[in-house]
Amino acid sequence: MAYHSGYGAHGSKHRARAAPDPPPLFDDTSGGYSSQPGGYPAPGADVAFNVNHLLGDPMANMAMAYGSSIASHGKDMMNKELHRFVSVNKLKYFFAVDTAYVAKKLGLLVFPYTHQNWEVQYSRDVPLPPRQDLNAPDLYIPTMAFITYVLLAGMALGIQKRFSPEVLGLCASTALVWVVMEVLALLLGVYLATVRSDLSTFHLLAYSGYKYVGMILSVLTGLLFGSDGYYVALAWTSSALMYFIVRSLRTAALGPDSMGGPAPRQRLQLYLTLGAAAFQPLIIYWLTFHLVR
């Protein structure tokens, strides 16, 4: 009996070691869920990801995320095409900016009335880069402002329950097409007016792209303060941009020498400058009024 009892004990130990562990009845969800009934996420677990829920509207979250993907994809495509057809060295000049320049330039676009010297600075017949000359045009601010405008448009559409990928894509493409058409019109006007200057397509694209700053301020003010705030911001940014365009094209871009010559040519140059400035409020309103309700 003793031998039989010992053998049974030994066999039990052997079988206990060989038997696999029983599978758990439920998955361990302690890492991402609370102990509430039903295993639902704890309240406030995704607050950081939702960025305070973007005014408490999940639709705005989706709109912002989709707008960010569209802006990133468009930026990659634009860089790819620019590398194919444009000299990178010439393009680097318009992106040679720093934080101080960006801050001062944004202030100049919002309140240009106290600025005195509008002439572009040169060093050995070469224009100084934007980070060394506040009057030099750049493409960094227009590019970042365009991306910000697309993101803001997505958020505005999401808050108003009108967001869809097609609507946001149409909004972004329309804003880009209007700038391209404006640049082509300015190039045609410069050719017809026979303006003698170093004005290039990049210069015109930079001056045309500065309107995105006013568009952002107008839409953001409209979202915060309603339609009344939108129209006040639209009037302010439009007048500031018109003043900036007139002074910049007359002195910085066209240059003082280009304003000479016969009287008919001077009138054409003046009409070109005033027409480019007067066109800015119309585009800003057309691209932003549907985002504010």
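This is a predicted model: local features need pLDDT of at least 70, side-chain atom pairs count only at pLDDT 80 or more; totals for chains, interfaces and linings use all residues.

**Entry 1: contacts and overall layout**

I began with contacts in the protein between residues at least 6 apart in sequence, and 76% of them join residues at least 24 apart. I then went through the elements and found eleven helices and two strands. Read from the N terminus, their order is α-α-α-α-α-α-β-β-α-α-α-α-α. The protein has 293 residues, and 38% of them count as buried. I also looked up the accessible surface, which comes to about 17,500 Å². Carbon and sulfur atoms hold 65% of that surface.

**Entry 2: the transmembrane annotation**

Next I checked the record. The unreviewed UniProt entry gives the annotation "transmembrane region" to residues 139-161, 167-192, 204-224, 230-249 and 270-288. I picked out two of these stretches to compare with the model.

**Entry 3: the salt bridge**

How many salt bridges does the structure hold? I found one. It pairs K211 with E182, and the closest N and O atoms are 2.5 Å apart. K211 lies in helix α10, which covers residues 211-253, and E182 lies in helix α8, so the pair ties together parts that are 29 residues apart in sequence.

**Entry 4: S248 in helix α10**

I stayed with helix α10 and looked up S248, which is found there. S248 has a relative accessible area of 2%, so I wrote it down as buried. Its side chain reaches the backbone oxygen of F244 at 2.8 Å. I also noted T273, which is 25 residues from S248 in sequence. The two C-alpha atoms are 9.3 Å apart in space.

W118 is found in the loop between α6 and β1. Is W118 buried or exposed? Its relative accessibility is 3%, so it counts as buried. A polar atom of the W118 side chain lies 3.2 Å from the backbone oxygen of H115. W118 and F244 are 126 residues apart in sequence, yet 9.4 Å separates them from C-alpha to C-alpha.

**Entry 5: a nonpolar patch**

Still in the loop between α6 (99-110) and β1, I looked at F111. F111 is partly exposed, with a relative accessible area of 40%. Which residues form a nonpolar patch on the surface with F111? My list reads V110, Y113, L217 and W236. Together with F111, they have about 410 Å² of accessible area.

**Entry 6: the loop between α7 and α8**

I moved on to Q160, which is found in the loop between α7 and α8. The Q160 side chain reaches the backbone oxygen of L291 at 2.6 Å. Leaving out residues up to four places away in sequence, Q160 touches L223, H290, L291, V292 and R293.

K161 sits in this loop as well, between α7 (140-159) and α8 (165-192). Its phi is near 60 degrees, a positive value in a residue other than glycine. I marked that because most residues other than glycine have a negative phi. K161 counts as exposed, at 60% relative accessibility.

**Entry 7: another positive phi**

Where is D125 placed? I found it in the loop between β1 (122-123) and β2 (126-127). D125 is a residue other than glycine with a positive phi, near 65 degrees. Its relative accessibility is 75%, so D125 counts as exposed.

**Last jotting**

Terms used. Residues are numbered from 1 along each chain as its sequence is written. Side-chain values use heavy atoms; hydrogens and water are left out. Helices (H or I, at least four residues) and strands (E, at least two) are DSSP runs, numbered from the N terminus. Buried means under 20% relative accessible area, exposed over 50%, partly exposed in between (1.4 Å probe, protein chains only). A salt bridge is a side-chain nitrogen of Lys or Arg within 4 Å of a carboxyl oxygen of Asp or Glu. Patches are made of residues with over 30% relative accessible area and no salt bridge: like charges are joined within 9 Å, nonpolar side chains (Val, Leu, Ile, Met, Phe, Trp, Tyr) within 5 Å. Accessible areas come from the Shrake-Rupley method with a 1.4 Å probe; for residues, only the protein chains shown count as cover. A polar contact is a pair of N or O atoms within 3.5 Å; within protein, one must be able to donate a hydrogen and the other to accept it, and residues adjacent in sequence count only if both atoms are side-chain atoms. Contact means heavy atoms within 4.5 Å. UniProt positions are given in the numbering used here, feature names are shortened, and annotations may be inferred rather than shown by experiment.
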